[in-house]
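User: I am new to this structure and would like to go through part of it with you. Could you show it to me first?

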Amino acid sequence: SLYVYRLVMGGHTQTGVAAACSVDEYERDIIRKHERTRPDKENDRTRHILTLRAQTGPVFLTYRADRRLDALVEAGTKREPLYDFEAPDGVRHTVWRAAAAEQLARCFAEVPLLYIADGHHRAASASRARAELKGKNPNHTGVEDYNRFLAVVFPDEQMLILPYHRVVKDLNGRGEEEFLEAVRARFNVTEDAKREGPGRAGHWHMYLGGKWYGLSLRGEAARTLSDDPTAALDVSLLQNNL
């Protein structure tokens with residue numbers, strides 16, 4: 001079976017397909033990565049999979065939207081759902097058993113690449129667990145359960161990038177005013193920021209001493225961007241300048 005899975009959070013809705021995806025395709029970079037992983041977290045998750053002989057959380061994958069897949073997924077939502085509930089955090093979850101599983105699988109076989117949106121450690125651990133179980137199985141055929149990992153696959157057009165907040169634990173020996181002066185050396189600082197967030201690239205909101213401030217890079221800090229595209233990401237600019 002395949003399953004259609006819809007999440008509704010506030011005004012945002014995304015609907016994807018829950019499925020078992022190929023460890024081989026992950027290892028061959030058909031399922032693409034964009035983060036490094038930490039060995040300690042991999043070790044922990046790999047032990048968890050091997051001990052339980054189960055995967056307890058899906059990897060979040062995305063793909064370039066395909067109208068045929070959109071239509072098949074939408075058709076899957078016309079049936080009576082298996083589950084439909086709102087979690088304590090206000091997110092609504094609805095799950096249907098897909099009516100056209102084989103057709104969905106054939107269409108996904110034509111999708112050139114999948115991308116990990118979240119779950120790099122889960123995917124890496126599934127690969128390591130597969131290697132260990134395969135090594136212990138003299139009759140390995142490639143169709144065993146351990147050759148796949150649990151995932152939910154959403155079209156890229158439905159992706160929502162949420163804020164990635166940073167907490168500064170101390171002001172490095174400065175008082176609040178001294179800290180603000182140091183920040184002003186690299187950032188334009190305004191005092192009219194709202195809690196909701198800046199809503200555009202190259203701007204940040206900072207909460208300090210019971211007040212919200214708006215930040216944007218200034219002068220040399222704004223002009224000396226690296227050729228490395230990751231260095232131009234807001235998260236990198238903030239990390240490197242604040």
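Analyst: Please note that this is a predicted model. One local detail to begin with is R53, which follows directly after helix α2 and takes a positive phi of about 55 degrees.

User: What span should helix α2 have, and what is the distance between its end C-alpha atoms?

Analyst: Helix α2 covers residues 39–52, which is 14 residues. At 1.5 Å a residue it should span 20 Å, and its end C-alpha atoms are 20 Å apart, so the two values agree.

User: Which residues of α2 are buried?

Analyst: The buried residues of α2 are E42, T46, I49 and L50. Viewed down the helix axis, they fall within an arc of 95 degrees, so they line one face of α2.

User: Which residues are exposed on the other side of α2?

Analyst: On that side, R47 and T51 are exposed.

User: And what covers the buried residues?

Analyst: The cover includes helix α5, residues 120–135.

User: Let us take T46. Why does it count as buried?

Analyst: T46 has a relative accessibility of 5%, and a residue is called buried when that value is under 20%. T46 lies in helix α2. Leaving aside residues up to four places away in sequence, T46 touches S125, R128 and A129.

User: R128 is in that list. With which residue does R128 form a salt bridge?

Analyst: The side chain of R128 forms a salt bridge with that of E42, at 3.2 Å from N to O. This pair links distant parts of the chain, since R128 is in helix α5 and E42 is in helix α2, 86 residues apart.

User: Are these two partners buried or exposed?

Analyst: They fall into separate classes. E42 is buried, because its relative accessible area is 13%. R128 is partly exposed, because its relative accessible area is 34%.

User: How many salt bridges does the structure hold?

Analyst: The structure holds 19 salt bridges. Among them is the one between D44 and R47, whose side chains meet at 3.7 Å, N to O.

User: How far apart are D44 and R47 along helix α2?

Analyst: D44 and R47 are three residues apart in helix α2, which means that about one helical turn separates them. In general, an α-helix has 3.6 residues a turn, so residues three or four places apart point the same way. As for accessibility, D44 is partly exposed, with a relative accessible area of 46%, whereas R47 is exposed.

User: What about D40, which residue is its salt-bridge partner?

Analyst: D40 forms a salt bridge with R38, and their closest N and O atoms are 2.6 Å apart. D40 counts as partly exposed because its relative accessibility is 42%. R38 also counts as partly exposed, at 47%.

User: Which residues are linked in a network of salt bridges?

Analyst: E181, R184, E191 and K211 are linked in such a network.

User: Changing topic: which residues make the nonpolar surface patch?

Analyst: M9, L160 and L162 make a nonpolar surface patch of about 270 Å².

User: Where is L160 found, and why does it count as partly exposed?

Analyst: L160 is found in the loop between strand β8, residues 148–155, and helix α6, residues 176–184. L160 counts as partly exposed because its relative accessibility is 41%, and that class lies between the buried limit of 20% and the exposed limit of 50%.

Key. Residues numbered from 1 in each chain as written. Predicted model: local features only at pLDDT ≥ 70, side-chain atom pairs only at ≥ 80, totals over all residues. Heavy atoms only, no water. Helix = DSSP H or I, 4+ residues; strand = E, 2+ residues; numbered from the N terminus. Expected span 1.5 Å × (residues − 1). Buried < 20%, exposed > 50% of the residue type's maximum accessible area, 1.4 Å probe, protein only. Arc of directions from axis to C-beta. Contact = heavy atoms within 4.5 Å. Patch = residues over 30% accessible without salt bridge, like charges linked within 9 Å, V, L, I, M, F, W, Y side chains within 5 Å. Areas by Shrake-Rupley, 256 points an atom, 1.4 Å probe, with all protein chains shown as cover. Salt bridge = Lys/Arg side-chain N within 4 Å of Asp/Glu carboxyl O.
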